[in-house]
Amino acid sequence: MEKGQRMKIVTRTRAGTITGLMVVVLVLAGLALPAVAPRSLIQDLFFILTMLSLAQVWNLLAGYGGLVSVGQQAFVGIGAYAMFAMVILFGWDPVPAVLVGGVAAVILAVPTAFFAFRLQGAYFAIGTWVIAEVTRLLVAQWKALGGGTGTSLPREATSDIMGVELIRTLFDVREAAARDILAYWLALILTVCIIGGIYWLLKNRLGLALAAVRDNTEAARSVGIDTTRLKWAVFLIAAFATGLIGALIYVQTARISPDAAFSLTDWTAYVIFIVVIGGIGTLEGPIIGVIVFFVLQSALSDYGAWYLLTLGLLAIAVMLFAPKGLWGLIAARTGLRLFPVQRRLVGHDINGGK
Amino acid sequence: MTTVLDLIDVSKSFGALKVTDGVSLTVPKGQALGIIGPNGAGKSTLFNLITGNISPDQGRIMLLGQDVTRLPAMKRVRMGVGRSFQIPQPFEGLTVLENLLAAAVYGRGAPEAAVADDCIAILRDTEMLAKANTLAGSLSLLDRKRLELARAMATGPELLLLDEIAGGLTEGECRALIDTIRGLHAKGVTIIWIEHVLHALTSVVERLLVLDFGRVIGIGAPDDIMASKDVREIYLGMEA
Ligand SMILES: Nc1ncnc2c1ncn2[C@@H]1O[C@H](COP(=O)(O)OP(=O)(O)O)[C@@H](O)[C@H]1O
Ligand SMILES: [Mg+2]
């Protein structure tokens, strides 16, 4: 090899750099948005961001890790209840209590994994759902947090959440609106951290291992990949993130009940819909999926049963005709990758760059 | 002389079929050992036992003086056992380069940056450099075999197990492959090579083992083995 023409390995692409710049612009715009946006838009965006975060995490679990869990509502619920417990029982500020939500989810995830990892395929999915149901039933016995009917965050806790005073003076809004803005900002930051974090994991050694295991578990073991440890890592990371999101969602709603916080429909079925529609196993997919989901929800949610039926039919149609989702169609046509992870060798005559 | 591998009376059955039958074998460091035998003799199974992909019913397996009989495959890779599969098992969704990086990062327990140059060197040695950015799933059978060898090398093996990687190669490709394996051998890597292409095998190995119905029926210098009557019978039988 000639000097000065050293080969090196890169993952950066132009599309990736453009994505990076766009993210910076969007985040800055997003942070400034409450200055001009009406409260309802802030609330809608909060919903979109939290659903997007949940979808990205489920996609990490199922799309990259092969762990098709239908029990993620367990971690939403336990995260939310842990946050409530810190506020109501220990007088914490709700915002730092969100972190406790993440920790609580990890603590629940350990026995869940011990149990569910013994199960294969569909049994794993059912196992995770059973654990979520059991957790819901147990939490419903927790009288201090309202038992089966639930409870609300006390007024004195919600009125002096850190930062709310500042937001009130900054934007000249009432307290409830200021709380929405705070929750929205936190959701924006959390979403960026989750997508950025998953992207970072995929670009590093964990991404290689996940892809290797997905392609060929036996061969993965034969090159030294500890497949069990990998599953644990993915499951615990996903639980932590899901717990944080759950807690944050209930900082905004400020009212909780076991049925709502452990809802299979809201926190797992919709999330799976978003991932499947957008494209499983890609970071771009859930972003497209959440937009489609929000549009459908705005248009159809007044129709009750018809709404769910439409979602179901649409998901089935996509699974049959576009198994890689909407982003799969776009990527196949354009070759576009907004979040490039592929390592390429450059500085040499190499064919087959795709 | 240190030994890399010690098999002590190892047996394995699949149902009623005894595929490995009381095999004992010592491989000293730096040796290149060839294994021949008819199809179904249990050659690949012997590899699976050494790598830990399956565990024996009986007997012990020692690696570098340590009993690894109950150690899982991925731990044995870290100890220095690299293997290629007879039927290539690439990570199809990864590129050729990424296949090697995954093997090097996890097989050696080293960061990506530390193994990058070595992976590039292995790609060059195995003539896969031009395909570095190609998805492994779209490779021809031949290139898949090359990738098997390259990926096994990327794990940084002390002991390299090669399962029929020369079959189907052209004469020129076979010579290149022999050069690559000789190069590894010269670096002190211990090699066990299962191969039906006898001239390729005998041009590299200094010791030859014959396996039939799971039993070792001959082991020694290649010339002596090839001259023995038992082996000729089996081989004539196999080639018929
Ligand atoms: N996992 C397995 N389960 C059942 N039978 C197997 C398995 N692996 C190999 N065999 C059988 O064991 C015998 C030896 O196989 P193998 O070791 O692949 O032979 P060779 O590599 O010498 O051709 C064959 O009869 C094969 O069908
Ligand atoms: Mg074989």
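Visitor: How many aromatic pairs does a search of the whole structure find?
Guide: This is a predicted model. Over all chains, the search finds 15 aromatic pairs.

Visitor: What makes F117(A) and W232(A) a pair, and why is the pair called edge-to-face?
Guide: Two values decide that. A pair of aromatic rings is described by the distance of the centres and the angle of the planes. Ring centres must lie within 6.5 Å. Those of F117(A) and W232(A) are 5.5 Å apart, so the rings pair. Planes over 60 degrees apart count as edge-to-face. Here the planes stand at 85°, so the pair is edge-to-face.

Visitor: Which parts of the chain does the pair link?
Guide: Distant ones, 115 residues apart. F117(A) sits in the loop between α4 (94-116) and α5 (121-139) of chain A. W232(A) belongs to helix α11 (residues 227-253) of chain A.

Visitor: What makes G42(B), K43(B) and S44(B) polar contacts of ligand 1?
Guide: The cut-off for a pair of N or O atoms is 3.5 Å. A polar backbone atom of G42(B) is 3.0 Å from an oxygen atom of ligand 1. For K43(B), again with a polar backbone atom, the distance is 2.8 Å. S44(B) uses a polar side-chain atom, 2.8 Å from an oxygen atom of the ligand. Each distance is within 3.5 Å, so each pair counts as a polar contact.

Visitor: How much of ligand 1 does the protein bury?
Guide: Taken alone, ligand 1 exposes 560 Å², and the protein buries 57% of that.

Visitor: Which elements give two or more residues to the shell around ligand 1?
Guide: They are β2 (17-28) and α1 (43-51) of chain B. The largest share, three residues, comes from α1(B). By class, the shell has five nonpolar residues, five polar and one charged. Among its residues are F14(B), P38(B) and T45(B).

Visitor: How many cavities of 30 Å³ or more are there, and why is such a space called a cavity?
Guide: The count comes to two. A space is called a cavity because a 1.4 Å probe fits there but cannot get out. The largest cavity holds about 120 Å³ of space.

Visitor: Which residues line the largest cavity?
Guide: The lining includes D125(B), K145(B), L149(B) and E173(B). Both α5 (141-154) and α6 (171-186) of chain B supply at least two residues. The largest share, four residues, comes from α6(B). By class, the lining has five nonpolar, two polar and five charged residues.

Visitor: What is the volume of the largest pocket, and which residues are closest to its centre?
Guide: The volume is about 1,400 Å³. Of the 39 lining residues, R337(A), V341(A), Q342(A), G93(B) and L135(B) are closest to the centre. With six residues, α9(A) gives the most to the lining of the largest pocket. By class, this lining has 18 nonpolar, twelve polar and nine charged residues.

Visitor: Which residues lie nearest the centre of the second largest pocket?
Guide: They are V23(A), L26(A), I195(A), I287(A) and F339(A), out of 35 lining residues. The volume of this second largest pocket is about 980 Å³. The largest share of its lining, ten residues, comes from α1(A). By class, there are 23 nonpolar, nine polar and three charged residues in the lining of the second largest pocket.

Conventions. Residues are numbered from 1 along each chain as its sequence is written. Chains are lettered from A and ligands numbered from 1 in the order in which they are written. This is a predicted model: local features need pLDDT of at least 70, side-chain atom pairs count only at pLDDT 80 or more; totals for chains, interfaces and linings use all residues. Side-chain values use heavy atoms; hydrogens and water are left out. On a 1 Å grid over the protein atoms alone, a cavity is a set of points where a 1.4 Å probe fits but cannot get out, and a pocket is an open set with protein on both sides within 12 Å along at least five of seven lines; lining residues have an atom within 4 Å of a point. Grid points are joined across faces, edges and corners, and a volume is the space filled by probe spheres set on the points. Ala, Val, Leu, Ile, Met, Phe, Trp, Tyr, Cys and Pro count as nonpolar, Asp, Glu, Lys and Arg as charged, and the others, Gly among them, as polar. A residue is near a molecule or strand if one of its heavy atoms lies within 4 Å of it. A polar contact is a pair of N or O atoms within 3.5 Å; within protein, one must be able to donate a hydrogen and the other to accept it, and residues adjacent in sequence count only if both atoms are side-chain atoms. Accessible areas come from the Shrake-Rupley method with a 1.4 Å probe; for residues, only the protein chains shown count as cover. Rings of Phe, Tyr and Trp (its six-membered ring) pair if their centres lie within 6.5 Å; planes under 30 degrees apart count as stacked, over 60 as edge-to-face and the rest as tilted.
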